[in-house]
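Colleague: I am new to this structure and would like to know what stands behind the labels used for it. Could you take me through some of them?

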Amino acid sequence: MLITNANLITWGSENKILHGYSIYIKGDKIADIAPDPELAARYPDENRVDAHGQYVMPGNICGHTHFYGAFARGMAIPGEAPKDFPQILDKLWWNLDKALLEEDVRSSALVCLVDAIKHGTTTLIDHHASPSYIDGSLDVVADAVNKSGLRASLCYEVTDRDGEAKMQAGVQENVRFIKRMQAESNARLAASFGLHASLTLSESTLYYCRESIPEGSGFHIHAAEGLADQDDSLAKSGLRVIDRLEKHGILGPQSIAVHAVHVDAREIQILADTGTWVTHQPRSNMNNAVGVAPVESMLRAGIKVGLGNDGFSNTMWDEWKAAYLLHKSANGDPRRMGGYDVKQLAIENNAALAKVFFPEAPLAEISVGAFADLIFVDYHPFTDMNAGNLPWHILFGFNESMITTTIVGGEMLMKDRELLTLDEEEIAAKAREASAGAWKRYQDLA
């Protein structure tokens, strides 16, 4: 297709805002970029999509999410409210994930994918758990992703909390799906090896996972999210969380350590030295009251810190805003976590992280040869907007309701706010029916 009459936000190594430009897409990649008259002359017979002067920019990337958590929306937790993070896990998440069956896994994935398309998040790195439905669960999520047209990397959360047999089943689900992805040629699906967190993994399980992971893959694990994770690690091994994960060979340039809220200077150095990715989820950290990750210190140490949402809505600009404000408030210093820092997490680092899973072409940039993952944004700035101050326009002006069109790999997933690959009404109706059963099972477990 030929996208015309667009104002481009390119991101990439040298961000530019280009007015009155066109983009020619061939297959799943961007093949040409030039002012409108030039491309109109070059490709006179191509199918044209008029952007009507909207901003056309790369789709957003989410560095860590949980599709399976969708059914927690509006759900009441029996008894007193959890007083800390371990109680949140015990009273909410570890009963909800047990309540999920095949249809719940499918529906929870689909509602999150609808949310992503509507809100311009085109690549997601998911971390799945459903201990009552393990075998084949990643295929169900993958089918939903394929149906949506979005791009996603998937894994299954291995844990000891549900017993030896389910731990082994989780390992085998990861191994099976990783090998499936290695055997297939699918530019929109990828895999990693999921682990819950140090506090629910024994020494023997960590060793077993390290021995089982197929060559060429990495791990995706929550690390030092709460102080309980550090306390547990020290009790089990005499080591802090990151030291323990390094000892077991879990870290590395293809592995993601999610959160890293409670890490000391030595752990930061280990993460940097091993090339391990870290993702920051400020909305989740505030909601769970676990503290504030030392993101700026990690960036200074050379750690590649990306931005995720931990299962919150796929409105990644909201995550930008939370990161920008949280660090200022927590440190009592308005100079902390500036707009360029947030952009580094959400754009440069998330793009590099996504390329670990989708190495065929660049993501999160408009350039010749990059994947054609684009969104149209109906934003009308009333002050000057340029490449230099763009992060602050996103932080204080952009919102998800302005996204009108979403394209992934050259395929139109939403046009003029109309979903083209997924039926939101049908998906929501099925999810309401499925969630009623899941809530009943959750109540019985709780």
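Colleague: How do the residues of the lining of the second largest pocket divide into nonpolar, polar and charged?

Modeller: That lining has 11 nonpolar, seven polar and two charged residues. Keep in mind that the model is predicted. The pocket has a volume of about 410 Å³. Its lining counts 20 residues, and M181, L189, A190, F357 and P359 lie nearest the centre. Two or more lining residues come from each of α5 (164-183), β9 (189-191) and α13 (339-357).

Colleague: What makes the pair of W11 and W320 tilted?

Modeller: The ring centres are 6.4 Å apart and the planes stand at 40 degrees. W11 lies in the loop between β1 (2-9) and β2 (17-26) and W320 in helix α12 (316-331), so the pair ties together parts 309 residues apart in sequence. Both W11 and W320 are buried.

Colleague: Why is the pair of W317 and F398 called edge-to-face?

Modeller: The centres of these rings are 5.1 Å apart, and their planes are at 80 degrees. Planes over 60 degrees apart count as edge-to-face, so W317 and F398 form an edge-to-face pair. W317 is in helix α12 and F398 in the loop between α14 (390-396) and β16 (403-408), 81 residues apart. Ring pairs also link W317, Y379 and F398 into a cluster.

Colleague: How do you know whether W317 is buried or exposed?

Modeller: W317 has a relative accessible area of 2%. The limit for buried is under 20%, so W317 is buried. F398, at 0%, counts as buried too.

Colleague: What places the charged end of K328 over the ring of Y324?

Modeller: The charged end of K328 is 3.5 Å from the ring centre of Y324, and the distance limit is within 6 Å. K304 lies over the face of W277, at 4.2 Å from the ring centre.

Colleague: How many cavities of 30 Å³ or more does a search of the whole structure find?

Modeller: Two. In a cavity the probe fits but cannot get out, whereas a pocket is open. The largest cavity has a volume of about 80 Å³. It is lined by 13 residues, with G59, N60, I61, A346 and I347 closest to its centre. The lining has 11 nonpolar, two polar and no charged residues. For the second largest cavity the volume is about 60 Å³, and its lining divides into five nonpolar, one polar and four charged residues.

Conventions
Residues are numbered from 1 along each chain as its sequence is written. This is a predicted model: local features need pLDDT of at least 70, side-chain atom pairs count only at pLDDT 80 or more; totals for chains, interfaces and linings use all residues. Side-chain values use heavy atoms; hydrogens and water are left out. On a 1 Å grid over the protein atoms alone, a cavity is a set of points where a 1.4 Å probe fits but cannot get out, and a pocket is an open set with protein on both sides within 12 Å along at least five of seven lines; lining residues have an atom within 4 Å of a point. Grid points are joined across faces, edges and corners, and a volume is the space filled by probe spheres set on the points. Helices (H or I, at least four residues) and strands (E, at least two) are DSSP runs, numbered from the N terminus. Ala, Val, Leu, Ile, Met, Phe, Trp, Tyr, Cys and Pro count as nonpolar, Asp, Glu, Lys and Arg as charged, and the others, Gly among them, as polar. Rings of Phe, Tyr and Trp (its six-membered ring) pair if their centres lie within 6.5 Å; planes under 30 degrees apart count as stacked, over 60 as edge-to-face and the rest as tilted. Buried means under 20% relative accessible area, exposed over 50%, partly exposed in between (1.4 Å probe, protein chains only). A charge sits over a ring if NZ of Lys or CZ of Arg is within 6 Å of the ring centre and within 35 degrees of the ring normal.
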